[in-house]
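Reader: I would like to learn how to read side-chain contacts in a model. Please show me the structure, then take me through them.

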Amino acid sequence: MARTLSINTTDMMGSNLEFPRFEEFPTYEEKVHPPEYEKPPVFPSYDGSFDPPQYEESVDFPKYEDPLDFQEEPEEVSESEQSTAIMDINTSPRSPVSPTNKHLDNIVSSPTRKPSPQPTHFSVPPKNGYGNGHRILRSATVGYIAPEFKGKAAQMLQVKGKLETNAWVPEKLIDEQIDWFYNDLGIDDVYFQLESVDAIASNITSLYAAKVAAFAREDKRQEIRLDMEAEDHAIYIDTSEPGLNNIAGPRYEHRLESKYLDISDDQISFRVETFRSPGNLAGSTPSKTTLRCYFVYQCQFVEPNPSPLETRLELIADRMFLAKATKNTKQIYQEIIELAVARTGPVIEVFDIEGSKEKRLVVAFRRRTAQGLFSALSDLYHYYGVTSTRKYVEQFSNGIAVICLYLKPSTTLESNKFPPLEQSIHQITKEISLLYCIPQNKFQSLFASGRLSLQETIYSHCLWVFVQHFLNRLGSEYASLVSALDANNSGHAEILSKIKRRLRTETFTAAYIYDIIVLYPELVRSLYASFANTHLTLGPGYEAEFVPPTPSAEVLSDAKLKDLISKTVNNEHEEMVLTAFRLFNNALLKTNFYTPTKVALSFRLNPSFLPEIEYPQPLYGMFLVISSESRGFHLRFRDIARGGIRIVKSRNREAYSINARSMFDENYGLANTQQRKNKDIPEGGSKGVILLDANQQDKGSVAFEKYIDSIMDLLLPAETPGIKNPIVDLYGKQEILFMGPDENTADLVDWATEHARKRGAPWWKSFFTGKSPKLGGIPHDAYGMTTLSVREFVKGIYRKLNLDPSKVRKMQTGGPDGDLGSNEILLSNEKYTAIVDGAGVLVDPNGIDREELLRLAKKRVTISEFDISKLSKAGYRLLVDENNVKLPTGELINNGTMFRNTFHLRDTGLTDTFVPCGGRPESIDLSSVSKLIKNGKSIIPYIVEGANLFITQDAKLRLEAAGCILFKDASANKGGVTSSSLEVLASLSFDDKGFVENMCVGSDGNAPKFYKAYVKEVQETIKENARLEFEAIWREHKESKIPRSTLSDTLSVAITKLDEELQKTDLWKDEKLRRSVLADALPKLLLEKIGLDLIIERVPDNYLRAIFGSYLASRFVYEFGGSPSQFAFFDFMSKRMAKV
């Protein structure tokens, strides 16, 4: 199926004056092509004589007389403009049911439409010959010329014979019907050359039957619906009256979009041609209705598998396109494709046609990044009183799709209701940017009916998403529980978290919220006017006549909006939903909503609106991102914070609903856990979560790229007018985010790094950790960074208890195929008795063969590849797909998967140390922990939790009370965050040249000398930090008997709290102290290579301040504990000052 898209680079439109140039690298500000690849050679038919703004061919091009005398047409506003049909004729062998669209149910047939109240402005004012910035096309060179079908006359005779044989059409009318079908409908020869005689005869018969039915109808309305669908092509014919909407029709645009266009990928792609025929059903009889014809063809590319950067039309185009397109059309497509391959969003251009009011609008974008755009464009141009005569969708094998529209004013509508054509076209091009972000928004019906503008409906869509996450649904019961329980007790905190999930009932479902919003379009208009009044600005150089009308709703104060909502709504639920709109407007600090070029909508919110009772730890920053594929959050607890970005997928719609309800709370919890884990490093905790929409589960990479790019819109200053105009920034300070890989994003990190560099981000080197070594990344798995920390806690237990590791029996979940699991095997020296991984369970009471385990770990494969001949007689391997297996003990196992899932809870008597290195969160919880406790004593003496959240906090406390020595994940597996932090520090400390020379592994795989040495220093730092925390927890537990899992949280809170306080004190202003602390905190190799002064100059001040605070805080707490005496810090700082 056609080409799966997975890139983007951002810019999509720009002024009408010229194609925008995206300044990705300082070295090619005026170029379209990045320096990594050369501009493709020009193909033979393009002679380079193209010289805008006037197209003049260098050779005499035969004048093309358009076979169609195109008429005005309302076009199916997304298939919505068909009138009620008298007959539904379907010649498809599959006869599918036409898809329904809930959002179009309320469209009125003759709406009164108002100009969009708040445009997405561009800053480059139109100018040139016509005063509009459009390039001009000679009418003789426009469009397509179908190759002549030489067998057409012979085919017509065959069709006649078929019709005579079938005898459905009266013999004396057969010639007339054939002539009408072949010559009056404007169908070009390509259709007749590709279609079979049987199919053509069937279509003529169907059309004749519709005429008969129309004649017999009392109101004599001549209407028809005809479709013929095959695997490789389709035809749709429908009637409609120009200028009228009709949602009762078959919505063929939606249908062909879902069946052909939206499924186009690398394997199968489809192109579309559609036009309004000059003929009507009655032939010569006067009729307002005319036929709209759609033709869909499977693409036959010259080169099916080119590079995504390939732009030569003669290689990437469909053979039919190359045969039909005029030289001028090829020239236009060549230029726009060259731009599109280097962009994330769409590239848009408008052309005037010489001697005609018709405009040619061309939109190029990455295939599958904007499903539903083709039909949504109909709604958009109809909103401005514009109609199309012809439309084309062309696919190219490099992944680019191009939509071409021929637009003109609709003569059937009252012209005084709409702006002049120039302004309408200008506004349409600007709003395509917004439409691309969400082609089919939840409130499309209000837009298509003219009750709200595009911006108002997309604003409503975004608020519909917002409201789902932030209505306070817990009520007084939760408040009572909070007051009754101790939130500072980690066990109580976890209970509160679980109860909160239970109390979040389904009162406000997504559907219920939608139903409330759609009731009050006028309130939405007022709320949007307030939003736009704050965040909409005109770019420099804008001329007043190109600014569409001002908002139709008065801009009200927040107090007046509150009063208006109260007076308008009918009940408390409706008021809560509409009040959430006000809450959003007041919390919004900046947005890319009005940025000319964008691929998704991003909002930077002040998180202070979150209720403290639900979210006791205040967030520092919150981003909300909404695209056509997903919704996402990025949350952080400090200005300088770091954490991974994960993509959440859902097995089905029920799972999606559950994920959507818990998404924000899960994001908050993950960021909070990261905050505690990051106690040794300058960055606080953050996390990003992207939830794919229920029907977009294969769009992970596209959703990730849109998420990253739209957040960057709010981080980078706007320096390219018409592409990235300045936004209203109520936050007013520079923000830098530090991100890393997480679930389903590890293979996307390099793209994010390269994209940040292309967009000119000065912090591109440090933007993402986890990138490949060629970009300066330090891969955790290759160097065992997370495992090194876990091992220090395991070895610390053995050291304190004088245990011989070779005699310690060990169980591990997470096998030799994983990062943590494989490195734990490679670095450990215990006697493995059990390993559980995705493939099954491997057990040997006498010890699993170490050499075979090492082989699997180095190969990174599961235990399914273990050589079972190396097991003792008492050993066994049971895979998940094995059932009814008898173990050496005689026990019969009915189900291998269930055995694997619960093996860690079995009392085998074979485990002294348990190190979870993988497995599902909460694999041991309060309900299952009792299986690990016999007669009040833990059956596993030692547990070091390597996998995140494997054991719930309440279960940890139960195990410790039963005598288990347990160290939790936030302490044990922090090696990865330490490595990432030091990777970020190196990125910030080097300039670009030094970074490439010292931190980037070459294409030959050879790492620079500095890189190798720096990796070793990172490893030693990880081990030192782990030892310091282990010793502090061991000492504190020995003195206080407080559970170690509680002490872990206590130390984390103490360090982060002291860190924040230290950064606010005057200690930072003491230059000697500052330099002394930084000299101790910074890696010695960086100091030797770059020098302290240069590091201080290059690294942002707030990042250095964070290093200063975190280093002092962690060293103090590790030495004096989480509850030191009031004189302890004075003593600590006295010793510190003595070193200065």
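Author: We will go through ring pairs, charges over rings and salt bridges. This is a predicted model: local features need pLDDT of at least 70, side-chain atom pairs count only at pLDDT 80 or more, and totals for chains, interfaces and linings use all residues. Residues are numbered from 1 along each chain as its sequence is written, and side-chain values use heavy atoms, with hydrogens and water left out.

Reader: How many aromatic pairs does the structure hold?

Author: A pair of aromatic rings is described by the distance of the centres and the angle of the planes. Rings of Phe, Tyr and Trp (its six-membered ring) pair if their centres lie within 6.5 Å; planes under 30 degrees apart are stacked, over 60 edge-to-face, the rest tilted. The structure holds 57 such pairs. Take Trp1068 and Phe1108: their ring centres are 5.3 Å apart and their planes stand at 75 degrees, so the pair is edge-to-face.

Reader: Which parts of the chain does the pair link?

Author: Distant ones, 40 residues apart. Trp1068 is in the loop between α33 (1044–1064) and α34 (1071–1081), and Phe1108 is in helix α37 (residues 1101–1120). Helices (H or I, at least four residues) and strands (E, at least two) are DSSP runs, numbered from the N terminus.

Reader: Is Trp1068 buried or exposed?

Author: Buried means under 20% relative accessible area, exposed over 50%, partly exposed in between (1.4 Å probe, protein chains only). Trp1068 is buried at 7%. Phe1108 is buried at 0%.

Reader: Where does the charged end of Arg757 sit?

Author: A charge sits over a ring if NZ of Lys or CZ of Arg is within 6 Å of the ring centre and within 35 degrees of the ring normal. Arg757 has its charged end over the ring of Trp764, 4.7 Å from the centre. Lys391 lies over the face of Phe374, at 4.9 Å.

Reader: How many salt bridges are there?

Author: A salt bridge is a side-chain nitrogen of Lys or Arg within 4 Å of a carboxyl oxygen of Asp or Glu. The whole structure has 66. In one of them, Lys956 and Glu945 have their closest N and O atoms 3.1 Å apart. Lys956 lies in helix α28 (residues 953–961) and Glu945 in the loop between β29 (942–944) and α28, so the pair ties together parts eleven residues apart in sequence. Lys956 is buried at 3%, and Glu945 is buried at 0%.

Reader: What about Glu865 and Lys859?

Author: Their closest N and O atoms are 3.0 Å apart. Glu865 is partly exposed at 34%, as is Lys859 at 48%.
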